[in-house]
Amino acid sequence: ALGKGQKELAHRTAPSIAQALKHFEEASQLDPNYARAYLGIANANILLSLYSDLSSDISSKLAQVAIDKALSLNPKLGEAFASQGLLLSKKDSAAAIVAFKKAIELSPNYALTYMWYGSIIQGKGDIVGANQLFQKSFELDPKSPIAAFNVAQSSYDMGDENRALEMFSQIIANDPYYPGAYNLVADILTDSGRLDESVNMYQRAIDVDPINKHAVAGLINANIDMGNSEIANRWFAYSDEKGSLLSPTHISFLKSSFYASLGDYENSLNA
């Protein structure tokens, strides 16, 4: 059950993370003293708050209970400190970094520590430092789609498009169901003005993950820029059908661009 959970967690879609949580819960029921099963429960809850509409308050409480349980079973489990760092990342980056350093001290070969640590460094504006941590994570777990994605994304941010596209090929070879890879290439194509091709890639992300917010926004923007107002409208409707997939603020911004593209500046200002 634990292996199945880790595989589902790696896809980073709301349905796959929810399925992973079920596997981890099953593993904890089969062996209530298995610390890593509780870490799976913690990580799935934290990631559900990022990839779905699960309340962060609820997910944080459930994750903390699971982390505490894992540490009560094994106080020197470095992976548990990594999960603690991930949980702290949004509200206390300094405390999160302390947890990540403790995780590295206890479990220096745990790939996720370097990945989550890198995300904090990236958030502080150190793209080079983040890329180094992402690269370390990838070296430790070369088949992880999210580890490879972070190398690709940070490489592109540093201006290395070739490295980003090279990593994309590796991601798809290992996991063709990872939507982030298609979004990344779609973004690169959009930046290059290759909108027809970018639309195809965003669509592939939607095929893999029907509630992928980034892809829906990308499809709306690309079709607005190409003058495909009818298709852009369909994606606005798609967002509504999926339960207001995009936030009201984001929708308002996109609709302002949409009306401006039609020359309807009155509605653009009021969107």
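Reader: With which residue does the side chain of Arg163 meet in a salt bridge?
Author: This is a predicted model, in which local features need pLDDT of at least 70 and side-chain atom pairs count only at pLDDT 80 or more, while totals for chains, interfaces and linings use all residues. Residues are numbered from 1 along each chain as its sequence is written, and side-chain values use heavy atoms, with hydrogens and water left out. A salt bridge is a side-chain nitrogen of Lys or Arg within 4 Å of a carboxyl oxygen of Asp or Glu. At 3.0 Å, N to O, the partner of Arg163 is Glu166.

Reader: What separation along the helix lies between Arg163 and Glu166?
Author: Both residues belong to helix α10 (residues 161-174); helices are DSSP runs of H or I with at least four residues, numbered from the N terminus. Because Arg163 and Glu166 are three residues apart, their separation is about one helical turn.

Reader: Which residue has a side chain joined to that of Ser83 by a polar contact?
Author: Ser83 is found in helix α5 (residues 78-88) and is buried, because its relative accessibility is 0%. A polar contact is a pair of N or O atoms within 3.5 Å; within protein, one must be able to donate a hydrogen and the other to accept it, and residues adjacent in sequence count only if both atoms are side-chain atoms. At 2.7 Å, the side chain of Ser83 is joined to that of Asn43.

Reader: How are α13 and α15 oriented relative to each other?
Author: Helix α13 (residues 213-225) and helix α15 (residues 248-261) pack at an angle of about 15°, with their axes 10 Å apart. Axes are lines fitted to C-alpha atoms over the stretch in contact, and angles run from 0 to 180 degrees between N-to-C directions. Angles under 35 degrees count as roughly parallel, over 145 as roughly antiparallel, 65 to 115 as roughly perpendicular and the rest as oblique, and α13 and α15 are therefore roughly parallel.

Methods: Helix = DSSP H or I, 4+ residues; strand = E, 2+ residues; numbered from the N terminus. Buried < 20%, exposed > 50% of the residue type's maximum accessible area, 1.4 Å probe, protein only.
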